[in-house]
Amino acid sequence: MSGLRVAVIGGGIGGCVAALALQRAGCIVDVYEQVPVKGEVGAGIQILPNASRLLNAYGLAQQLEAIGVRPSMTEARRWDEFTAPICLASSAARSHRIACTWGGDVSAWCSTTIASK
Ligand SMILES: Cc1cc2nc3c(=O)[nH]c(=O)nc-3n(C[C@H](O)[C@H](O)[C@H](O)COP(=O)(O)OP(=O)(O)OC[C@H]3O[C@@H](n4cnc5c(N)ncnc54)[C@H](O)[C@@H]3O)c2cc1C
């Protein structure tokens, strides 16, 4: 794939991370995003180990560490008030960050990393 020119349509997390992966495979990547400036949606996202492992591998570990938190516990709730605690400590111990962050941050970090290559 080296030297192949690829257009990625959409600069969300999916498009930006795909662009990083393609770039690492030697492609020349252009990301096209319809929105000039991405606005905050008012929600954080939890990045679970499989995803954070990839982000770390793509050189975004520092950014994840800077604004992410590593919750040791989460809770699943049901309509009838049943709650199930879920321990996340073993995931955190595997050193895959469970970062809670706003998804737009991830796109922005990827864009900066893509642009700097
Ligand atoms: C409230 C909320 C909470 C969430 N919590 C979590 C969570 O905890 N953990 C988790 O993993 N996920 C979570 N998600 C889901 C996660 O945010 C999405 O799955 C992810 O952001 C999708 O990324 P994407 O790049 O596929 O799509 P999008 O983010 O939708 O990006 C698509 C991009 O393509 C652009 N685009 C579309 N058409 C065109 C075009 N024709 N030309 C140019 N650009 C175009 C759009 O403007 C957009 O920027 C949450 C989502 C929401 C809404």
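Reader: Hi! In which sense do strand 4 and strand 5 pair, and over how many bridges?
Author: Hello! In this predicted model, strand 4 and strand 5 (residues 83-87) run antiparallel, paired over five bridges.

Reader: Nice. Which residue is the bridge partner of Thr74 in strand 5?
Author: Thr74 is bridged to Ile86 there.

Reader: And what does Glu81 do in that hairpin?
Author: Glu81 takes a positive phi near 75°. The hairpin has five residues between its two strands.

Reader: Switching topic, which residues touch the most other members in the largest nonpolar core?
Author: Those are Cys16, Ala19, Leu20, Val31 and Cys110, out of 16 residues in that core. Helix 1, strand 2 (28-32), helix 2 (49-67) and helix 4 (103-115) each supply at least two of its residues. Helix 1 has the largest share, with four residues.

Reader: Which residues is Leu20 in contact with, leaving aside neighbours within four places in sequence?
Author: Leu20 is in contact with Tyr58, Cys110, Thr113 and Ile114.

Reader: Now the ligand, please. Which residues come nearest?
Author: Gly10, Gly12, Gly14, Gln34 and Ile45 do, among the 15 residues around the ligand. Two elements give two or more residues to this shell, helix 1 (13-24) and strand 3 (45-47).

Reader: Which element gives the most?
Author: Helix 1 again, with three residues.

Reader: How does the shell split by class?
Author: Around the ligand there are six nonpolar, eight polar and one charged residues.

Technical notes. Residues numbered from 1 in each chain as written. Predicted model: local features only at pLDDT ≥ 70, side-chain atom pairs only at ≥ 80, totals over all residues. Near = placed C-beta within 6 Å. Nonpolar A, V, L, I, M, F, W, Y, C, P; charged D, E, K, R; others polar. Core = buried A, V, L, I, M, F, W, Y, C linked by C-beta atoms within 7 Å. Buried ≥ 20, exposed ≤ 12 C-beta atoms within 10 Å, placed from the backbone. Contact = placed C-beta atoms within 7 Å. Pairing = 2+ DSSP bridges.
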